[in-house]
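Dear colleague,

Please find below the sequence and structure that I am handing over to you. My notes on what was found follow directly after.

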Amino acid sequence: MQMIATGLPLYCIDIGKTTAESGIMAGFYTVALILSRSFVGKLTDEKGKWNIAAAGMLLMIVSVAGMSFIGNIGLFNIYQLIEGLAFS
């Protein structure tokens with residue numbers, strides 16, 4: 001996951017986006033990750049590790065599949081929010 005998080009801004013630049021858009025995209029991922037970690041940790045204690053891990057994998061699959069078909073930077077940022085939550 002950390003390889004994807006660091007390589008994605010480079011991919012964003014490679015498909016023609018600016019470095020500013022790439023930085024904003026990485027920021028969305030980081031903010032989602034930081035804000036959701038404590039919530040997901042508490043949820044894991046309440047619901048069980050297996051259920052939360054399965055939900056995280058499902059969100060990750062949806063995020064990666066969605067990013068494969070878009071060119072809009074706004075949707076790209078939304079998928080980064082989903083991916084940050086899934087990684088938590």
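The axes of helix H3 (residues 49-67) and helix H4 (residues 73-87) come within 8 Å of each other and cross at roughly 160°. Please bear in mind that this is a predicted model. Angles over 145 degrees count as roughly antiparallel, and H3 and H4 are therefore roughly antiparallel to each other. The crossing of H3 past H4 is left-handed. On the H3 side, the contact is made by Gly56, Leu59, Met60, Val62, Ser63, Val64, Gly66 and Met67; H4 contributes Phe76, Tyr79, Gln80, Ile82, Glu83, Leu85, Ala86 and Phe87. By class, this contact of H3 with H4 holds 11 nonpolar, four polar and one charged residues.

Helix H4 also packs against H2, at an angle of about 30° and with the two axes 7 Å apart. Since angles under 35 degrees count as roughly parallel, H2 is roughly parallel to H4. Here the crossing is right-handed. Among the H2 residues in this contact are Ile24, Phe28, Leu33, Arg37 and Val40, while those from H4 include Ile73, Phe76, Leu81, Leu85 and Phe87. The residues of the contact of H2 with H4 comprise 12 nonpolar, four polar and three charged.

The remaining pair to describe is H2 and H3, whose axes lie 7 Å apart at an angle of about 130°. That angle makes H2 oblique to H3. In this contact, Val40, Leu43, Thr44 and Lys47 of H2 meet Lys49, Asn51 and Ile52 of H3. Three of these residues are nonpolar, two are polar and two are charged.

I turn now to the largest pocket, which has a volume of about 190 Å³. Which residues line the largest pocket? They are Phe39, Val40, Leu43, Ile52, Ala53, Ala55, Gly56, Met57, Leu59, Leu85, Ala86 and Ser88. Helix H2 (19-47), H3 and H4 each supply at least two residues of this lining, and H3 gives the most, with six residues. In the lining of the largest pocket, 10 residues are nonpolar, two are polar and none is charged.

Val40 lines the largest pocket, and Val40 takes part in the contacts of H2 with H4 and of H2 with H3. Leu85 likewise lines the pocket and belongs to the contacts of H4 with H3 and with H2.

With kind regards

Conventions. Residues are numbered from 1 along each chain as its sequence is written. This is a predicted model: local features need pLDDT of at least 70, side-chain atom pairs count only at pLDDT 80 or more; totals for chains, interfaces and linings use all residues. Side-chain values use heavy atoms; hydrogens and water are left out. Axes are lines fitted to C-alpha atoms, for helices over the stretch in contact, and angles run from 0 to 180 degrees between N-to-C directions. Helices (H or I, at least four residues) and strands (E, at least two) are DSSP runs, numbered from the N terminus. Angles under 35 degrees count as roughly parallel, over 145 as roughly antiparallel, 65 to 115 as roughly perpendicular and the rest as oblique. A crossing is left-handed if the near helix is turned anticlockwise from the far one by less than a right angle, and right-handed if clockwise. Contact means heavy atoms within 4.5 Å. Ala, Val, Leu, Ile, Met, Phe, Trp, Tyr, Cys and Pro count as nonpolar, Asp, Glu, Lys and Arg as charged, and the others, Gly among them, as polar. On a 1 Å grid over the protein atoms alone, a cavity is a set of points where a 1.4 Å probe fits but cannot get out, and a pocket is an open set with protein on both sides within 12 Å along at least five of seven lines; lining residues have an atom within 4 Å of a point. Grid points are joined across faces, edges and corners, and a volume is the space filled by probe spheres set on the points.
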